[in-house]
Amino acid sequence: MGKKDQQNASEKDRERVEAVLNLVRKQAPLTLKQELFCNKACVERFLKSKGDNVKKAVKQLRACLSWRESIGIDRLMADEFSAELAEGVAYVAGQDEGSRPVVIFRIKQDYQKFHSQKMFTRLLVFTLEVAMQTMPRNVEKFVLLFDASFYRSGSAFMNMLVATLKMIADYYPGRVHKAFVIDPPSLFSYLWKGVRAFVELAPLTTLVSSLEFDDSMDLNDDFSFYPGSASLRFNPSTAKVGSCSSSRFSFAVSPHLDSLKPWCLTLTDTSASKVGPTTPSPSPSSLSGPALISPLNARSHSFASPVYRTPRGNINNYKNGLFPSTPLPQKTQKVDPTSIHHPRTPKPSFLQSPATFFRKECHVTSKPEKPRDSFLPFLKFYRRPYDEATYRSKMRPPLSGLVSIVSAQLHRRHASVSQRF
(Lines give C-alpha, C1' and ligand atoms only; values in the text may rest on other atoms or scores of the structure.)
Protein backbone atom coordinates (compact mmCIF):
# COMPACT_ATOMS: atom_id res chain seq x y z
CA MET A 1 0.00 0.00 0.00
CA GLY A 2 1.64 3.21 -1.22
CA LYS A 3 1.66 6.68 0.26
CA LYS A 4 -1.11 7.85 -2.06
CA ASP A 5 -3.37 5.01 -0.99
CA GLN A 6 -2.72 5.79 2.67
CA GLN A 7 -3.47 9.46 2.11
CA ASN A 8 -6.70 8.60 0.30
CA ALA A 9 -7.75 6.23 3.10
CA SER A 10 -7.02 8.84 5.77
CA GLU A 11 -8.99 11.47 3.82
CA LYS A 12 -11.97 9.11 3.55
CA ASP A 13 -11.83 8.41 7.28
CA ARG A 14 -11.72 12.12 8.01
CA GLU A 15 -14.71 12.73 5.75
CA ARG A 16 -16.69 9.98 7.51
CA VAL A 17 -15.90 11.44 10.92
CA GLU A 18 -16.99 14.90 9.82
CA ALA A 19 -20.17 13.50 8.29
CA VAL A 20 -21.06 11.73 11.54
CA LEU A 21 -20.47 14.84 13.64
CA ASN A 22 -22.50 17.03 11.27
CA LEU A 23 -25.47 14.65 11.36
CA VAL A 24 -25.32 14.40 15.15
CA ARG A 25 -25.26 18.20 15.50
CA LYS A 26 -28.22 18.54 13.14
CA GLN A 27 -30.38 16.31 15.31
CA ALA A 28 -29.64 18.26 18.51
CA PRO A 29 -26.95 20.74 19.59
CA LEU A 30 -24.15 19.25 21.64
CA THR A 31 -23.10 20.53 25.02
CA LEU A 32 -19.49 21.28 25.92
CA LYS A 33 -19.02 17.91 27.64
CA GLN A 34 -20.62 16.09 24.73
CA GLU A 35 -18.29 17.87 22.32
CA LEU A 36 -15.32 16.71 24.37
CA PHE A 37 -16.69 13.16 24.36
CA CYS A 38 -17.29 13.09 20.59
CA ASN A 39 -13.66 13.46 19.57
CA LYS A 40 -12.09 11.90 16.49
CA ALA A 41 -11.02 8.67 18.22
CA CYS A 42 -14.49 8.16 19.70
CA VAL A 43 -16.26 8.63 16.36
CA GLU A 44 -13.80 6.29 14.65
CA ARG A 45 -14.59 3.56 17.19
CA PHE A 46 -18.32 3.93 16.51
CA LEU A 47 -17.69 3.82 12.76
CA LYS A 48 -15.53 0.72 13.04
CA SER A 49 -18.13 -1.11 15.13
CA LYS A 50 -20.76 -0.41 12.46
CA GLY A 51 -18.61 -1.29 9.46
CA ASP A 52 -17.95 2.36 8.40
CA ASN A 53 -21.67 2.92 7.98
CA VAL A 54 -22.29 6.60 8.69
CA LYS A 55 -26.04 6.37 9.39
CA LYS A 56 -25.69 3.44 11.81
CA ALA A 57 -22.78 5.15 13.57
CA VAL A 58 -24.83 8.35 13.98
CA LYS A 59 -27.74 6.42 15.44
CA GLN A 60 -25.54 4.56 17.92
CA LEU A 61 -23.64 7.69 18.93
CA ARG A 62 -26.83 9.65 19.55
CA ALA A 63 -28.21 6.76 21.63
CA CYS A 64 -24.96 6.67 23.61
CA LEU A 65 -25.14 10.41 24.37
CA SER A 66 -28.72 10.16 25.61
CA TRP A 67 -27.86 7.08 27.69
CA ARG A 68 -24.91 8.81 29.35
CA GLU A 69 -27.14 11.75 30.20
CA SER A 70 -29.82 9.49 31.72
CA ILE A 71 -27.25 7.60 33.81
CA GLY A 72 -25.68 10.83 35.01
CA ILE A 73 -22.08 9.91 34.32
CA ASP A 74 -20.92 13.45 35.07
CA ARG A 75 -22.23 13.09 38.64
CA LEU A 76 -20.68 9.70 39.42
CA MET A 77 -18.50 9.70 42.54
CA ALA A 78 -16.78 7.13 44.69
CA ASP A 79 -18.79 8.20 47.75
CA GLU A 80 -21.85 6.54 46.21
CA PHE A 81 -20.15 3.13 46.18
CA SER A 82 -18.36 3.11 49.52
CA ALA A 83 -19.63 -0.39 50.45
CA GLU A 84 -18.71 -1.83 47.04
CA LEU A 85 -15.25 -0.27 47.19
CA ALA A 86 -14.67 -1.71 50.64
CA GLU A 87 -15.57 -5.25 49.52
CA GLY A 88 -13.90 -5.08 46.09
CA VAL A 89 -17.01 -5.86 44.05
CA ALA A 90 -15.64 -4.14 40.92
CA TYR A 91 -12.23 -2.52 40.61
CA VAL A 92 -9.22 -1.90 38.38
CA ALA A 93 -6.47 -4.34 39.36
CA GLY A 94 -3.66 -2.80 37.29
CA GLN A 95 -2.27 -2.76 33.75
CA ASP A 96 -1.04 -5.60 31.59
CA GLU A 97 2.07 -5.67 29.41
CA GLY A 98 0.35 -3.48 26.80
CA SER A 99 -0.59 -0.84 29.44
CA ARG A 100 -4.24 -1.88 29.16
CA PRO A 101 -6.28 -1.63 32.40
CA VAL A 102 -7.45 -4.94 33.85
CA VAL A 103 -10.97 -4.67 35.32
CA ILE A 104 -12.17 -7.38 37.71
CA PHE A 105 -15.83 -7.98 38.60
CA ARG A 106 -16.45 -10.08 41.74
CA ILE A 107 -20.21 -9.65 41.90
CA LYS A 108 -22.13 -11.98 44.18
CA GLN A 109 -25.38 -13.61 43.17
CA ASP A 110 -27.35 -11.85 45.92
CA TYR A 111 -26.11 -8.38 44.95
CA GLN A 112 -28.89 -7.69 42.46
CA LYS A 113 -31.52 -8.85 44.95
CA PHE A 114 -30.70 -5.99 47.34
CA HIS A 115 -29.80 -3.36 44.73
CA SER A 116 -31.70 -1.95 41.80
CA GLN A 117 -30.69 -2.45 38.18
CA LYS A 118 -29.85 1.24 37.87
CA MET A 119 -27.51 1.03 40.85
CA PHE A 120 -25.84 -2.01 39.34
CA THR A 121 -25.42 -0.23 35.99
CA ARG A 122 -23.98 2.86 37.67
CA LEU A 123 -21.42 0.68 39.46
CA LEU A 124 -20.33 -0.91 36.19
CA VAL A 125 -20.11 2.46 34.45
CA PHE A 126 -18.16 3.97 37.34
CA THR A 127 -15.61 1.15 37.18
CA LEU A 128 -15.20 1.45 33.41
CA GLU A 129 -14.80 5.23 33.65
CA VAL A 130 -12.04 4.77 36.24
CA ALA A 131 -10.36 2.28 33.90
CA MET A 132 -10.43 4.79 31.05
CA GLN A 133 -8.94 7.45 33.32
CA THR A 134 -5.91 5.23 33.92
CA MET A 135 -5.32 4.62 30.20
CA PRO A 136 -2.24 6.14 28.57
CA ARG A 137 -2.73 8.22 25.45
CA ASN A 138 -1.90 5.45 23.00
CA VAL A 139 -4.20 2.86 24.66
CA GLU A 140 -7.93 2.57 23.94
CA LYS A 141 -8.90 -0.89 25.23
CA PHE A 142 -9.20 -2.70 28.55
CA VAL A 143 -9.38 -6.32 29.74
CA LEU A 144 -12.39 -7.71 31.64
CA LEU A 145 -12.22 -10.52 34.23
CA PHE A 146 -15.57 -11.88 35.46
CA ASP A 147 -15.19 -13.99 38.61
CA ALA A 148 -18.18 -16.36 38.42
CA SER A 149 -17.26 -18.41 41.48
CA PHE A 150 -19.76 -16.45 43.59
CA TYR A 151 -22.67 -17.67 41.45
CA ARG A 152 -24.47 -20.96 42.03
CA SER A 153 -27.01 -20.62 39.22
CA GLY A 154 -25.83 -20.71 35.62
CA SER A 155 -28.91 -18.86 34.32
CA ALA A 156 -28.51 -16.03 36.85
CA PHE A 157 -24.91 -15.48 35.86
CA MET A 158 -25.86 -15.72 32.18
CA ASN A 159 -28.39 -12.88 32.57
CA MET A 160 -25.84 -10.66 34.31
CA LEU A 161 -23.05 -11.41 31.83
CA VAL A 162 -25.12 -10.94 28.67
CA ALA A 163 -26.58 -7.65 29.95
CA THR A 164 -23.11 -6.36 30.86
CA LEU A 165 -21.53 -7.33 27.53
CA LYS A 166 -24.43 -5.79 25.61
CA MET A 167 -24.10 -2.52 27.50
CA ILE A 168 -20.35 -2.39 26.84
CA ALA A 169 -20.79 -3.24 23.15
CA ASP A 170 -23.47 -0.55 22.65
CA TYR A 171 -22.03 2.31 24.68
CA TYR A 172 -18.29 1.46 24.79
CA PRO A 173 -17.62 0.12 21.27
CA GLY A 174 -14.07 -0.89 20.45
CA ARG A 175 -12.99 -0.76 24.08
CA VAL A 176 -12.73 -4.47 24.95
CA HIS A 177 -9.44 -6.23 24.23
CA LYS A 178 -10.28 -9.55 25.92
CA ALA A 179 -12.89 -10.84 28.36
CA PHE A 180 -12.54 -13.90 30.59
CA VAL A 181 -15.20 -15.76 32.55
CA ILE A 182 -13.45 -17.52 35.44
CA ASP A 183 -14.91 -20.58 37.20
CA PRO A 184 -18.48 -20.37 35.84
CA PRO A 185 -21.27 -22.63 37.19
CA SER A 186 -21.58 -26.16 35.86
CA LEU A 187 -24.44 -25.54 33.39
CA PHE A 188 -23.18 -22.19 32.16
CA SER A 189 -21.03 -23.65 29.36
CA TYR A 190 -24.06 -25.30 27.76
CA LEU A 191 -26.13 -22.13 28.03
CA TRP A 192 -23.28 -20.07 26.61
CA LYS A 193 -23.07 -22.22 23.48
CA GLY A 194 -26.67 -21.41 22.64
CA VAL A 195 -26.46 -17.69 23.42
CA ARG A 196 -23.02 -16.67 22.18
CA ALA A 197 -24.19 -16.43 18.56
CA PHE A 198 -26.34 -13.43 19.58
CA VAL A 199 -23.69 -11.67 21.72
CA GLU A 200 -21.50 -9.18 19.88
CA LEU A 201 -18.52 -9.56 22.21
CA ALA A 202 -18.68 -13.37 22.26
CA PRO A 203 -15.56 -13.83 20.02
CA LEU A 204 -13.53 -11.90 22.63
CA THR A 205 -14.96 -13.82 25.61
CA THR A 206 -13.22 -16.96 26.90
CA LEU A 207 -14.22 -19.44 29.60
CA VAL A 208 -11.36 -20.53 31.87
CA SER A 209 -10.96 -22.47 35.10
CA SER A 210 -8.58 -21.37 37.82
CA LEU A 211 -8.05 -24.99 38.89
CA GLU A 212 -5.92 -25.59 35.79
CA PHE A 213 -3.17 -23.33 37.14
CA ASP A 214 -0.75 -24.08 39.96
CA ASP A 215 -0.40 -21.78 42.92
CA SER A 216 3.21 -20.99 42.01
CA MET A 217 2.51 -19.82 38.43
CA ASP A 218 1.55 -16.28 39.37
CA LEU A 219 4.57 -15.52 41.55
CA ASN A 220 6.79 -12.63 40.56
CA ASP A 221 10.51 -12.99 40.04
CA ASP A 222 11.15 -10.58 42.89
CA PHE A 223 11.33 -12.67 46.09
CA SER A 224 11.12 -9.61 48.31
CA PHE A 225 7.33 -9.76 48.09
CA TYR A 226 7.35 -13.30 49.48
CA PRO A 227 9.35 -13.47 52.73
CA GLY A 228 8.78 -17.20 53.12
CA SER A 229 10.50 -18.00 49.85
CA ALA A 230 13.29 -15.47 50.26
CA SER A 231 15.16 -17.83 52.57
CA LEU A 232 15.47 -20.39 49.75
CA ARG A 233 17.90 -18.23 47.83
CA PHE A 234 21.66 -18.49 48.38
CA ASN A 235 23.04 -15.56 50.35
CA PRO A 236 26.86 -15.27 50.20
CA SER A 237 27.00 -13.05 53.31
CA THR A 238 25.49 -15.72 55.56
CA ALA A 239 27.26 -18.75 54.06
CA LYS A 240 29.95 -20.57 56.02
CA VAL A 241 33.13 -21.65 54.32
CA GLY A 242 33.93 -25.18 55.33
CA SER A 243 32.74 -28.75 55.14
CA CYS A 244 29.65 -30.51 56.40
CA SER A 245 29.38 -34.30 56.59
CA SER A 246 26.22 -36.32 56.43
CA SER A 247 25.25 -39.97 56.18
CA ARG A 248 25.37 -39.97 52.38
CA PHE A 249 27.83 -37.40 51.11
CA SER A 250 30.18 -34.64 52.12
CA PHE A 251 29.04 -31.04 51.58
CA ALA A 252 31.58 -28.26 51.34
CA VAL A 253 31.19 -24.55 50.50
CA SER A 254 33.79 -23.12 48.18
CA PRO A 255 35.85 -20.20 49.56
CA HIS A 256 35.33 -18.33 46.28
CA LEU A 257 31.59 -17.95 47.04
CA ASP A 258 30.41 -18.51 43.53
CA SER A 259 26.78 -17.34 43.32
CA LEU A 260 25.91 -20.00 40.77
CA LYS A 261 27.60 -23.07 42.27
CA PRO A 262 28.86 -22.20 45.77
CA TRP A 263 29.09 -25.82 46.85
CA CYS A 264 30.84 -29.02 45.78
CA LEU A 265 29.90 -32.62 46.43
CA THR A 266 32.44 -35.36 47.00
CA LEU A 267 32.17 -39.10 47.41
CA THR A 268 34.27 -39.15 50.57
CA ASP A 269 32.89 -39.51 54.04
CA THR A 270 34.52 -37.38 56.73
CA SER A 271 32.36 -38.51 59.64
CA ALA A 272 33.55 -41.02 62.21
CA SER A 273 30.23 -42.86 62.60
CA LYS A 274 30.29 -44.74 59.32
CA VAL A 275 31.07 -48.32 58.42
CA GLY A 276 34.54 -48.55 56.97
CA PRO A 277 37.94 -47.16 57.76
CA THR A 278 38.26 -43.40 58.20
CA THR A 279 41.93 -43.50 59.20
CA PRO A 280 44.87 -45.03 57.38
CA SER A 281 45.16 -48.76 58.07
CA PRO A 282 48.38 -50.78 57.79
CA SER A 283 46.64 -53.82 56.32
CA PRO A 284 46.83 -53.98 52.51
CA SER A 285 43.30 -55.32 52.11
CA SER A 286 41.69 -52.14 53.36
CA LEU A 287 41.74 -48.87 51.54
CA SER A 288 43.71 -46.07 53.00
CA GLY A 289 42.19 -42.69 53.61
CA PRO A 290 38.54 -41.72 53.97
CA ALA A 291 35.87 -44.32 53.33
CA LEU A 292 34.30 -44.18 49.90
CA ILE A 293 30.53 -43.83 49.74
CA SER A 294 29.01 -47.08 48.52
CA PRO A 295 25.84 -49.13 49.07
CA LEU A 296 27.76 -51.02 51.76
CA ASN A 297 28.04 -48.10 54.21
CA ALA A 298 25.03 -46.21 52.89
CA ARG A 299 22.50 -48.92 53.76
CA SER A 300 22.37 -52.23 55.64
CA HIS A 301 24.07 -55.45 54.44
CA SER A 302 20.74 -57.14 53.73
CA PHE A 303 19.84 -54.62 51.02
CA ALA A 304 23.28 -54.37 49.50
CA SER A 305 24.10 -56.10 46.23
CA PRO A 306 26.19 -59.30 46.24
CA VAL A 307 29.08 -57.46 44.65
CA TYR A 308 29.36 -54.98 47.50
CA ARG A 309 28.93 -57.64 50.24
CA THR A 310 32.26 -59.21 49.24
CA PRO A 311 35.65 -57.80 50.17
CA ARG A 312 36.73 -54.95 47.98
CA GLY A 313 39.86 -56.69 46.82
CA ASN A 314 37.94 -59.59 45.21
CA ILE A 315 35.42 -57.53 43.27
CA ASN A 316 37.13 -58.30 39.98
CA ASN A 317 36.47 -62.01 40.45
CA TYR A 318 32.70 -61.51 40.17
CA LYS A 319 32.68 -59.45 37.04
CA ASN A 320 32.97 -62.37 34.69
CA GLY A 321 30.64 -64.61 36.70
CA LEU A 322 27.72 -62.33 37.40
CA PHE A 323 27.74 -60.35 34.19
CA PRO A 324 28.58 -62.67 31.28
CA SER A 325 29.33 -60.84 28.11
CA THR A 326 27.55 -61.85 24.91
CA PRO A 327 29.60 -61.32 21.75
CA LEU A 328 27.96 -59.20 19.09
CA PRO A 329 27.38 -60.77 15.67
CA GLN A 330 29.93 -59.83 13.11
CA LYS A 331 28.93 -58.12 9.90
CA THR A 332 29.26 -60.53 7.01
CA GLN A 333 28.44 -58.15 4.19
CA LYS A 334 28.44 -54.42 3.62
CA VAL A 335 25.17 -52.76 2.68
CA ASP A 336 25.21 -49.97 0.16
CA PRO A 337 23.03 -47.09 1.48
CA THR A 338 22.09 -46.11 -2.06
CA SER A 339 20.52 -49.51 -2.69
CA ILE A 340 17.95 -49.12 0.10
CA HIS A 341 14.56 -48.21 -1.35
CA HIS A 342 12.57 -46.05 1.03
CA PRO A 343 8.78 -45.81 0.59
CA ARG A 344 7.79 -42.88 -1.57
CA THR A 345 5.55 -40.17 -0.22
CA PRO A 346 2.36 -40.16 -2.31
CA LYS A 347 1.73 -36.92 -4.14
CA PRO A 348 -1.60 -35.17 -3.56
CA SER A 349 -4.16 -36.50 -5.93
CA PHE A 350 -6.36 -34.32 -8.10
CA LEU A 351 -9.45 -36.13 -6.86
CA GLN A 352 -9.46 -34.78 -3.33
CA SER A 353 -12.27 -34.22 -0.91
CA PRO A 354 -14.70 -31.46 -1.94
CA ALA A 355 -14.26 -29.86 1.49
CA THR A 356 -10.73 -28.77 0.55
CA PHE A 357 -12.06 -26.44 -2.16
CA PHE A 358 -14.19 -24.55 0.37
CA ARG A 359 -11.53 -24.36 3.05
CA LYS A 360 -10.08 -20.91 3.72
CA GLU A 361 -6.37 -20.39 4.02
CA CYS A 362 -6.71 -18.55 7.30
CA HIS A 363 -8.17 -21.60 8.99
CA VAL A 364 -5.30 -23.75 7.76
CA THR A 365 -2.33 -21.56 8.62
CA SER A 366 -3.42 -19.89 11.85
CA LYS A 367 -4.27 -21.83 14.98
CA PRO A 368 -6.52 -20.34 17.65
CA GLU A 369 -4.86 -19.52 20.93
CA LYS A 370 -5.70 -21.84 23.78
CA PRO A 371 -7.78 -20.37 26.62
CA ARG A 372 -5.18 -21.41 29.18
CA ASP A 373 -2.34 -19.64 27.38
CA SER A 374 -4.37 -16.49 26.76
CA PHE A 375 -5.38 -16.18 30.43
CA LEU A 376 -1.92 -16.86 31.86
CA PRO A 377 -0.69 -13.20 31.66
CA PHE A 378 -3.75 -12.09 33.67
CA LEU A 379 -3.58 -14.78 36.35
CA LYS A 380 -1.53 -12.59 38.67
CA PHE A 381 -4.23 -9.88 38.60
CA TYR A 382 -6.91 -12.41 39.44
CA ARG A 383 -5.03 -13.87 42.42
CA ARG A 384 -3.63 -10.60 43.71
CA PRO A 385 -5.44 -9.50 46.90
CA TYR A 386 -7.65 -6.45 46.67
CA ASP A 387 -6.42 -3.18 48.20
CA GLU A 388 -8.94 -0.37 48.49
CA ALA A 389 -6.30 2.33 49.03
CA THR A 390 -4.45 1.32 45.87
CA TYR A 391 -7.65 1.38 43.84
CA ARG A 392 -8.69 4.77 45.19
CA SER A 393 -5.30 6.20 44.33
CA LYS A 394 -6.00 5.52 40.65
CA MET A 395 -9.13 7.69 40.65
CA ARG A 396 -9.07 11.29 39.58
CA PRO A 397 -11.68 13.99 40.27
CA PRO A 398 -14.62 14.05 40.01
CA LEU A 399 -14.80 10.22 40.20
CA SER A 400 -12.58 10.08 43.27
CA GLY A 401 -15.25 11.76 45.41
CA LEU A 402 -15.73 14.85 47.53
CA VAL A 403 -12.90 13.99 49.89
CA SER A 404 -10.25 14.31 47.19
CA ILE A 405 -11.81 17.50 45.79
CA VAL A 406 -11.96 19.20 49.19
CA SER A 407 -8.45 18.06 50.09
CA ALA A 408 -7.11 19.44 46.80
CA GLN A 409 -8.79 22.80 47.41
CA LEU A 410 -7.42 22.95 50.95
CA HIS A 411 -3.95 22.15 49.64
CA ARG A 412 -4.13 24.99 47.12
CA ARG A 413 -5.37 27.39 49.78
CA HIS A 414 -2.58 26.38 52.14
CA ALA A 415 -0.03 26.90 49.36
CA SER A 416 -1.38 30.38 48.57
CA VAL A 417 -1.32 31.39 52.24
CA SER A 418 2.25 30.14 52.66
CA GLN A 419 3.34 32.16 49.65
CA ARG A 420 1.89 35.35 51.16
CA PHE A 421 3.75 35.00 54.41
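Helices (H or I, at least four residues) and strands (E, at least two) are DSSP runs, numbered from the N terminus.

E129 is found in helix α7, which spans residues 117–133. Is E129 buried or exposed? Its relative accessibility is 11%, so E129 counts as buried; the term buried means under 20% relative accessible area, exposed means over 50%, and partly exposed lies in between, with a 1.4 Å probe and protein chains only. Leaving aside residues up to four places away in sequence, E129 touches R68, I73, Y172 and L399, where contact means heavy atoms within 4.5 Å.

A word on the source. This is a predicted model, in which local features need pLDDT of at least 70 and side-chain atom pairs count only at pLDDT 80 or more, while totals for chains, interfaces and linings use all residues. Residues are numbered from 1 along each chain as its sequence is written, and side-chain values use heavy atoms, with hydrogens and water left out.

Now the chain as a whole. The protein chain has 18 helices and 10 strands. Of its 421 residues, 31% are buried. Among contacts with a separation of 6 or more, 69% are between residues 24 or more positions apart.

R68, one of the residues touched by E129, also lies over the face of F37, at 4.2 Å from the ring centre. A charge sits over a ring if NZ of Lys or CZ of Arg is within 6 Å of the ring centre and within 35 degrees of the ring normal.

I turn to aromatic rings. A pair of aromatic rings is described by the distance of the centres and the angle of the planes. Rings of Phe, Tyr and Trp (its six-membered ring) pair if their centres lie within 6.5 Å; planes under 30 degrees apart count as stacked, over 60 as edge-to-face and the rest as tilted. How many aromatic pairs does the structure hold? There are 14. In one of them, the ring centres of F105 and F146 are 5.2 Å apart and the planes are at 20°, so this pair is stacked. F105 belongs to strand β2 (residues 101–105) and F146 to strand β3 (residues 142–147), so the pair ties together parts that are 41 residues apart in sequence. Both F105 and F146 are buried. Elsewhere, ring pairs join F180, F213, F375, F378 and Y382 into a cluster.

Thank you for your attention.
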